[in-house]
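Look at the sequence and the model first, then read on.

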Amino acid sequence: MRERTQVGIVGAGPAGLLLSHLLHLQGIDSIVVEARSRAYVENRVRAGVLEQGSVDTLRDAGLDARLRREGLVHEGIQIQIGEHRHRLDLKELTGGKVITVYGQQEVVKDLIAQRLADKGAILFEAEDAAIHDFQGERPRITFTRAQEEGEIACDFIAGCDGFHGVCRASVPPGAITVYDRVYPFAWLGILAKAEPSSEEVIYVNHPRGFALSSMRSHEVARLYLQCRPDEKLELWPDARIWEELHTRLRTEAGDTVHEGAVLEKGVTGMRSFVAEPMRHGRLFLAGDAAHIVPPTGAKGMNLAVADVRVLSAALSAFFREKRTDLLDGYSATCLKRIWRAEHFSWFMTSMLHKFPNEDGFGQRLQRSQLDYVVSSRAAAQSLAENYVGLPFGA
Ligand code: FAD
Ligand code: DHB
């Protein structure tokens, strides 16, 4: 199979799929090459919090019909210190902005349905994808699918293939600088058929470690526990997970956790990572392929949306008017938002987790920061502004 398209996209996660749709709205043709099956990408449980700007982007792209029906609009979040919960009124603190809880896999399902309805090409189960000649004007993507060799010739390649993808790894050594930090803990996450512990997302700093209570609906809870980076899932039967959740999410008022059938569980490592610049010749990296944040700030999927907004506008200016200035500015434009989110995610992670081997000085600094955030309007406002997401262009 040999095909030609304007933009060859590697990866059918939120970044690749949304880019393909935004380009389609501008009359630009693309083909998405994805290693996994449709069922796999549609059922991969990951992030759940959409910033206002991401919701607006999906709405403007005509993708919000189900999001409006099923997404849960949250006007606040809770920070729990020990057994005491404090509410941060995001809406009031940010002059009206809110977040929406809607699972990443629901965004992915909506995007795939829309791309297929628009006759968009998504090549699932494409193995051994490789990218070629992106330093010149005629880049190519090759792969194997159903035992057949495939090749896509394109004008540009968008590397939307996540942290472990091939695109970033294909850039010659030295052309990209990497900044990273790995944290000494991970998250054990479950999805459970259970009533959420509160109507709002709760971030808990507990002496036994961080916990997070979120949800996917009024009947499905999404819960996380800080665990060891090399944690073995076999050591966590459901009963042990529930016991730990009861302990960490308990408040002065008592137990707040409702148990139910565990639908999914997994361990997610925690790292901060940025690759600069996000472009090499005619290869543009977007989303997790270019950067990773620890999930505590709920920024991962939102950054992916922001990147492809910028990239689709830059590609559109190129194809319509032969302008290259926006493509040239792509990396710097995105990196401003990315570094803010990197800082915020590092800040939330540092404030809320138990650090192994932390001395008394470090523990007291952490406690002071928590007390400040829940008692000072200025500190709460800064957290809220970052949490709901900074405006595009800022
Ligand atoms: P991805 O969603 O990773 O999509 C990349 C796609 O490329 C995948 O479909 C992959 O199969 C495909 N691909 C990879 N390699 C190849 C290849 N060689 N050829 C073809 N296709 C390829 N963020 C939060 O805010 N909160 C969370 O709780 C949270 N939990 C997470 C849990 C896990 C296990 C992970 C990995 C991430 C989590 N994140 C979370 C981060 C968030 O989900 C990501 O930031 C988001 O998925 C980024 O979207 P993306 O499209 O850039 O990358
Ligand atoms: C969820 C994930 C996060 O990383 C977060 O900070 C808040 C909520 C969630 O999966 O719902």
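## Ligand 1: contacts

A polar backbone atom of Gly-300 sits 3.3 Å from an oxygen atom of ligand 1. The model is predicted. Arg-44 places a polar side-chain atom 2.6 Å from an oxygen atom of the ligand. For Tyr-224, a polar side-chain atom lies 3.0 Å from an oxygen atom of ligand 1. On its own, ligand 1 exposes 980 Å², and the protein buries 84% of that.

## Ligand 1: shell

The shell around ligand 1 holds 31 residues. The closest are Glu-34, Arg-44, Arg-46, Gln-104 and Asp-288. By class, 16 are nonpolar, 8 polar and 7 charged.

Which helices each supply at least two residues of this shell? Helix H1 (14–25) and helix H8 (300–321) do. H8 gives the largest share, 3 residues.

## Ligand 2: contacts

Tyr-224 also touches ligand 2: a polar side-chain atom of this residue lies 2.7 Å from an oxygen atom of ligand 2. The side chain of Tyr-203 has an N or O atom 2.6 Å from an oxygen atom of ligand 2. Pro-295 contributes through its backbone, where a polar atom is 2.7 Å from an oxygen atom of the ligand. Taken alone, ligand 2 exposes 290 Å². The protein buries 97% of that area.

## Aromatic pairs

The whole structure contains 15 aromatic pairs. One of them joins Phe-185 and Phe-355. Their ring centres are 5.1 Å apart and their planes meet at 85 degrees, so this pair is edge-to-face. The two residues are 170 apart, and the pair links distant parts of the chain. Phe-185 belongs to strand E12 (residues 177–193), while Phe-355 is in the loop between helix H9 (325–352) and helix H10 (360–375). Phe-185 is buried, at 1% relative accessible area. Phe-355 counts as partly exposed, at 23%.

Phe-344 is in helix H9 and Tyr-387 in helix H11 (residues 377–388), so the pair ties together parts 43 residues apart in sequence. Both residues are buried. Phe-344 and Tyr-387 also belong to a cluster linked by ring pairs, along with Trp-187, Tyr-203, Phe-210, Tyr-224 and Phe-347.

## A residue in a loop

Is Val-171 buried or exposed? Val-171 is buried, because its relative accessible area is 8% and the cut-off is under 20%. Val-171 sits in the loop between strand E11 (148–159) and E12. Along the chain, Val-171 and Gln-381 are 210 residues apart. Their C-alpha atoms are separated by 40 Å.

Technical notes:
Residues are numbered from 1 along each chain as its sequence is written. Chains are lettered from A and ligands numbered from 1 in the order in which they are written. This is a predicted model: local features need pLDDT of at least 70, side-chain atom pairs count only at pLDDT 80 or more; totals for chains, interfaces and linings use all residues. Side-chain values use heavy atoms; hydrogens and water are left out. A polar contact is a pair of N or O atoms within 3.5 Å; within protein, one must be able to donate a hydrogen and the other to accept it, and residues adjacent in sequence count only if both atoms are side-chain atoms. Accessible areas come from the Shrake-Rupley method with a 1.4 Å probe; for residues, only the protein chains shown count as cover. Rings of Phe, Tyr and Trp (its six-membered ring) pair if their centres lie within 6.5 Å; planes under 30 degrees apart count as stacked, over 60 as edge-to-face and the rest as tilted. Helices (H or I, at least four residues) and strands (E, at least two) are DSSP runs, numbered from the N terminus. Buried means under 20% relative accessible area, exposed over 50%, partly exposed in between (1.4 Å probe, protein chains only). A residue is near a molecule or strand if one of its heavy atoms lies within 4 Å of it. Ala, Val, Leu, Ile, Met, Phe, Trp, Tyr, Cys and Pro count as nonpolar, Asp, Glu, Lys and Arg as charged, and the others, Gly among them, as polar.
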